[in-house]
Structures are given as structure tokens and as C-alpha cells.
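The following note sets out points for a colleague to check against the model. Please read each one with the coordinates open.

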Amino acid sequence: MEIIQRQNVGSLLVLPYCNEGAEEVLVHCDPGAIRLGQLLAYHTGVPLINSTITRTSIQEARKQVQAVGPSWYERPRLPFALDETILVLVKGELHNAYDRAIIGRAKSVHSIGDVSLHLLAQKDLLKDDRAAAIADWQKAALVCADSTSTERWCPDEPVLFDNYDGAPATHSLLGAGALSLALSERPVLATFDGRLLDPGVHYEVSFWFYNHGPMQSLANVCVMNTYSNGEVHWDHCTDPRFSRTINGDWTLVELPFDMENEDDLLTLYIEADHKHLDSAWIDELLVRRSDVDLYRTLPGQDKRSAVVQRNGHLILLQ
Ligand SMILES: [Ca+2]
């Protein structure tokens with residue numbers, strides 16, 4: 001409370017970040033962390049940025065997620081003064097890279113046990129890091145001469161990549177086409193076995209998912225593991241609503257996974273969980289090793305529209 005009064009804190013932010021209540025945008029809360037934030041907000045009267053109430057505005061929730069997401073996309077406008085200071089309350093270890101990036105921009109002021117407090121200027125939360133992302137790409141490009149061509153990847157090839165440009169669709173993120181799906185049929189996007197993946201190595205699948213429309217983002221995305229004895233396990237699942245990357249009408253789904261044994265068969269599939277969701281669009285499917293950064297460049301019609309892809313993310317050059 002003393003820090004809040006002394007530093008003129010205007011709002012509180014709890015990390016791990018969570019936002020529950022908008023239904024189409026959902027980042028689950030750590031109960032201990034959010035309770036601490038609620039207690040602090042209650043006793044100080046300082047509002048909590050994280051939302052845990054039902055019927056939160058979808059547009060507001062989308063802006064919030066964009067504010068705490070990757071900082072090389074267009075930054076959202078929030079209804080706060082830019083000179084306002086945010087007190088960030090962290091409980092436990094931060095496993096999410098976007099949460100860790102926020103703390104990297106904040107100043108640590110206090111810690112008790114596994115709880116730490118940090119001060120963050122609003123302008124630093126909303127900092128546009130696109131120049132740094134472009135600089136990272138330019139550094140990486142030095143190790144691979146082909147990285148500026150349209151089709152080559154650098155430094156390693158992905159396990160799987162499909163831009164679906166051979167399948168023209170009514171909605172596409174990049175290029176001519178996207179994969180159009182009837183989700184009720186639980187379509188399989190890819191299968192992997194020991195010839196493609198190594199046991200003990202961490203992989204990540206990412207793709208862009210069209211998010212515009214009622215409950216459009218509600219779906220299960222899973223990597224199902226079938227062992228050689230026929231047993232089936234759903235070890236790795238996510239939902240496009242859980243994403244931390246919302247870029248206009250498209251959401252980047254990122255799902256880490258691995259294979260336990262060489263003779264396992266992994267199946268990547270997506271399934272609707274709601275009667276309203278009868279079709280979906282997917283673009284830029286990528287499977288890569290988690291420890292490899294993959295870059296790809298796509299020249300646009302003009303310089304402003306040229307895009308660098310980094311591990312599925314888009315960085316707009318201008
Ligand atoms: Ca495409």
C-alpha cells in the first residue's frame with residue numbers, strides 16, 4: 001500500500017496474466033495469484049486490469065490481451081493516461097514468454113516469498129518493439145544467405161509448413177488461400193511418427209485461426225498420442241481463445257508438444273466445441289523444433305506490406 005501511494009499507481013496487473021469472462025477471449029487465472037490481486041485492489045481502491053467477471057466486453061478483452069501480448073504487432077489504445085504507473089504483482093514462476101517480456105520492461109520494487117512487485121509505466125506496457133524484432137531478424141539473416149527469398153527457411157527447415165495457398169478460401173491471412181474446415185468432423189491437420197520427430201525433443205505447432213464471428217474462436221486443438229499398444233492419450237491441447245496473439249481477425253494458436261517414444265503416432269486435430277462453430281479457416285501451419293527460430297520473408301506489393309515471419313508470428317516491415 002505504501003508503494004501504491006508513493007508511486008502514484010493507477011492500476012494493478014497480475015501475472016501470470018489472466019482474463020476470464022469474455023467467453024471468446026479467455027486466459028485462465030491462477031487462483032492464488034488473482035486472489036492476491038483482488039485483495040490488493042479491494043484494500044487500496046486501485047483497479048485491477050485483469051478481469052474475472054462474466055460478460056466482459058469482448059472488444060475490451062481483445063485490447064487487453066493485445067496489450068500484454070507480443071509487442072511487435074499494432075499496439076492497442078487503452079482507456080488510461082499514458083503517464084500512469086501500473087503495479088505488477090507476480091506470483092510464482094512465469095512460464096509464459098509474453099509475461100516474462102512484460103517483467104523485462106518493469107522495475108522490481110519488492111518481493112516476499114514467491115510474490116514480487118514491479119512498477120511499469122503504461123507507455124512501456126504498450127511499447128512498440130517492432131524495430132527490435134526486425135533487428136533480431138536481420139541478425140539471424142546473416143547466418144543464412146537464402147533467408148530473404150520467399151520459400152527458404154533459415155537456419156533450419158521446419159518439420160512441416162503449409163500456407164494453403166493452393167486452396168482458395170473466403171478468408172486468408174497471407175497469400176491466395178487458407179484451409180477451410182467443417183470442425184464438427186474433427187479434421188486432422190497432420191500426423192507425425194518417428195520418421196519426422198525425435199523423442200525427447202520439444203516441438204511447437206502454430207497456425208493462424210480466423211476469429212471473427214460469434215464463438216468463432218471456441219475449439220479444441222490437440223496433439224493426440226497413440227502408443228504402439230493402441231492406447232490413446234490427449235497429452236497436449238489448447239483452444240484458440242487461450243491465445244495471447246490477436247492480430248485483427250486472426251489469432252495465432254501456439255501449442256508445444258513432444259513425442260515420448262519413437263513408435264508413437266501423433267495426430268494434430270481440431271474440433272468444434274460449440275454448435276455455432278460450423279466452419280473455420282486456418283492459415284500458415286508451421287511445426288518446428290522449439291529451440292529453433294525460423295524466419296521467412298514475404299515481399300509485399302509495396303515495401304510497407306512486406307512481412308517477416310518469425311516462428312509463425314508476423315512482423316510487418318515499414
Ligand atoms: Ca495462405
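1. Four strands form an open sheet in the order β7-β13-β9-β10, with antiparallel pairing. The edge positions belong to β7 (188–192) and β10 (232–238), each having a single partner strand, so one side of each is left without a neighbour in the sheet. From one strand to the next, the twist averages 20°. Strands here are DSSP E runs of at least two residues and helices H or I runs of at least four, numbered from the N terminus; two strands pair if DSSP finds at least two bridges between them.

2. The model is predicted: local features need pLDDT of at least 70 and side-chain atom pairs count only at pLDDT 80 or more, whereas totals for chains, interfaces and linings use all residues. Residues are numbered from 1 along each chain as its sequence is written.

3. Within this sheet, β9 (residues 219–226) and β13 (residues 265–272) pair in the antiparallel sense over 8 bridges. Leu266 in β13 is the bridge partner of Asn225.

4. Strand β3 (residues 107–112) has 6 residues, of which the number buried is 0, so the strand lies largely in the open. β3 runs antiparallel to β4 (residues 115–121), joined by 5 bridges, and His110 stands opposite Leu117 in β4. The two strands form a hairpin with 2 residues between them, and Gly113 in the turn has a positive phi of about 55°.

5. Setting aside residues up to four places away in sequence, Val68 touches Tyr17, Tyr98 and Ile102 (contact: C-beta atoms within 7 Å). Tyr17 is 51 residues away along the chain, yet the two C-alpha atoms are separated by 7.8 Å.

6. The largest nonpolar core has 32 residues, and Phe207, Trp208, Phe209, Ala280 and Ile282 touch the most other members. Such a core is a set of buried Ala, Val, Leu, Ile, Met, Phe, Trp, Tyr and Cys residues joined through C-beta atoms within 7 Å. Apart from it lies another core, of 29 residues, including Val14 and Leu89.

Technical notes:
Axes are lines fitted to C-alpha atoms, for helices over the stretch in contact, and angles run from 0 to 180 degrees between N-to-C directions. A residue is buried if 20 or more other C-beta atoms lie within 10 Å of its own, exposed if 12 or fewer, and partly exposed in between; C-beta atoms are placed from the backbone. Two residues are in contact if their C-beta atoms, placed from the backbone, lie within 7 Å.
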